Amino acid sequence: MSTAAHRRFDLRGLVLPLVLLALAEAAMRISHTESDTLARPSDVARALWEALRDGTVLVASAQTLGAALGGLALGGGLGLLAGLWFGLSTRAERWSLLSVELLRPVPSVALIPIAMLVYGFGFRMEIAVVAFTCFWPMMLLTQAALRQVEPRLFEVARVLGLGITERVSKIVLPAAAPRVFVAFRLGVGIALVVAVTVEIAANPQGLGFGLMSAQQNLRPDLMFALLLWVGALGWALSAGLLLIERHLFRHTRAQGGNP
Amino acid sequence: MKWPQILSPGTIAVTLALGTLWAGVCAMQWVSPVFLPSPGATWNALLAGIAKGELAQLTAGTVERMVYGWALASLAGIALGALIGTSAALRAWLAPTFELMRPLPASAIVPVAITFVGLSPAMVLIVITFGAVWPVLLATVHGFASIEPRLHEVGRVLRLSRAAFIFKIGLPNALPDALAGMRLSLTIALILAIVGEMLASQQGLGTSILQAARSFRAADLFAGVALLGLIGLVSNALLSMAEHRVLRWKQPR
């Protein structure tokens, strides 16, 4: 599928979604369905437009994105530090192995009740769950990024007699930056998914909660509209970050360093 | 293979130190026991739950849900992946639709699934399958795409039918990729099983930890979370062992 994405845009791919939409629209118009579970695509579009105009979707998006990015900043930041530490010290990496292997398989959503108990509902609870989830990939990918740094650079650092902070800021981070950015981009995707999941499962705010309450209020048009919006938001974020990545690291890519 | 590294004196010492830190924080009452039960209290809650037979039942419920959804997702992913992987036309027709659906958070499908099938075990299964199918599907398509071109020629020379090509050449080639995808799917399946339980109040560990949190039974809550971690750990280890066995023919001699 990724190969298909790199090729020139193929119009055949648009046929299936459009035909399905048209069929749904026509079938529901002909049978005059007034359903609590289904909505005409035109109604979905109208619901999205209205929710955008009265700002409810934008507020909910801001809540979801705020919690996702807050959690990513906290968990990803700590993961970056831990990854730097484990990547620079072989002993720390080896000795932490058992603890990491024991803690990492804990499913992120299992922390929802704990976060609920400690923080109640709201931003802090959501941020805590997102942070735990983002910590692991950020840590592991940073560790892996440091392992790929050219070993001679460390020798250079030793010869120059650089201290630990200079070694990290002048040599390690610039060399590992492209891979660390990839980790960050993946982290953004994970954070958004987890934030929406926390809102659907428990936290009464944001897009996830909007989806659930649209379903409970028998507003299938709004529900599908929000679903579309969540998908578009995730897609736009990842596409935007990919563009930034290509722009920032085009030199490393041009030199044949595989990203 | 990795066991000597994981279970060395150093790693055990670090883990014990972290455990002691946890016990110390509780003993000094730095964190209220309402939020953070001591390791001993958690262990006792775990033992009590197991002795009553209640935890085993809840664990079985969650594991069953996870495995069914994962198996369905794996089957669907490999079947669809094989079809898409062998037909460029199918790829052109279907791939963009999948690309649109893939980035959706699987949990966002929950409300849609509820409107169609209600708060039922089937809803949970649909959500797990939808969420867990993508890694397997993408990995299988990738596996088919990376088949040695000469094997395609061999298939043509032997006049293999499409089905024969898939079963004799395609699937064995795509197996390593598909298995890697299935490992990722298993993690997703566990997460979605828990979310599904919480929302549809199906009997399982997800529901039970939520109830424990609501009634401030922190020790039971931590015991449940520990069990869920154990499920993740064990299922991943089992699958990686199976992967190792199945792919023995690929390893360098």
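Of the 135 residues in the largest nonpolar core of this predicted model, those touching the most other members are Val129(A), Val130(A), Ala191(A), Leu226(A), Val127(B), Ala189(B) and Leu192(B). Helix α9 of chain B (residues 162-200) gives the most to this core, with 19 residues. A nonpolar core here is a set of buried Ala, Val, Leu, Ile, Met, Phe, Trp, Tyr and Cys residues joined through C-beta atoms within 7 Å. A residue is buried if 20 or more other C-beta atoms lie within 10 Å of its own, exposed if 12 or fewer, and partly exposed in between, with C-beta atoms placed from the backbone. In soluble globular proteins, nonpolar side chains tend to be buried together. Leaving aside residues up to four places away in sequence, Ala189(B) touches Met66(B), Gly69(B), Trp70(B), Ala73(B), Ile128(B) and Ala132(B); two residues are in contact if their C-beta atoms, placed from the backbone, lie within 7 Å.

Residues are numbered from 1 along each chain as its sequence is written, while chains are lettered from A and ligands numbered from 1 in the order in which they are written. Because this is a predicted model, local features need pLDDT of at least 70 and side-chain atom pairs count only at pLDDT 80 or more, whereas totals for chains, interfaces and linings use all residues.

The two chains meet through 48 residues of chain A and 53 residues of chain B. On the side of chain A that touches chain B, at least two residues each come from α1, α2 (12-30), α5 (90-103), α6 (111-119), α9 (164-201), α10 (206-216) and α11 (220-248). That side divides into 33 nonpolar, 11 polar and 4 charged residues. Here Ala, Val, Leu, Ile, Met, Phe, Trp, Tyr, Cys and Pro count as nonpolar, Asp, Glu, Lys and Arg as charged, and the others, Gly among them, as polar.

Chain B has 11 helices and 0 strands; helices (H or I, at least four residues) and strands (E, at least two) are DSSP runs, numbered from the N terminus. Its C-alpha trace spans about 75 × 50 × 30 Å along the principal axes. Of the 253 residues in chain B, 44% are buried. Among its contacts between residues at least 6 apart in sequence, 77% join residues at least 24 apart.

Within chain B, the axes of helix α3 (residues 39-52) and helix α4 (residues 54-86) come within 4 Å and cross at roughly 85°. Gly49(B), Ile50(B) and Lys52(B) in α3(B) meet Glu54(B), Leu55(B) and Ala56(B) in α4(B). The residues of this contact divide into 3 nonpolar, 1 polar and 2 charged.

Two loops of chain B also deserve a look. Arg159(B), in the loop between α8 (149-157) and α9, has a positive phi of about 55° although it is not a glycine. Arg159(B) is exposed, with 7 other C-beta atoms within 10 Å. Phe216(B), in the loop between α10 (205-214) and α11 (218-246), likewise has a positive phi, near 55°. Phe216(B) counts as exposed, with 11 C-beta neighbours inside 10 Å.

Chain A has a mean pLDDT of 85, and 91% of its residues reach 70 or more. Over residues 1-6 of chain A, pLDDT stays under 50. Where pLDDT is low, the predicted coordinates should not be read in detail.

Key:
Axes are lines fitted to C-alpha atoms, for helices over the stretch in contact, and angles run from 0 to 180 degrees between N-to-C directions. pLDDT is the predictor's confidence in each residue, from 0 to 100.
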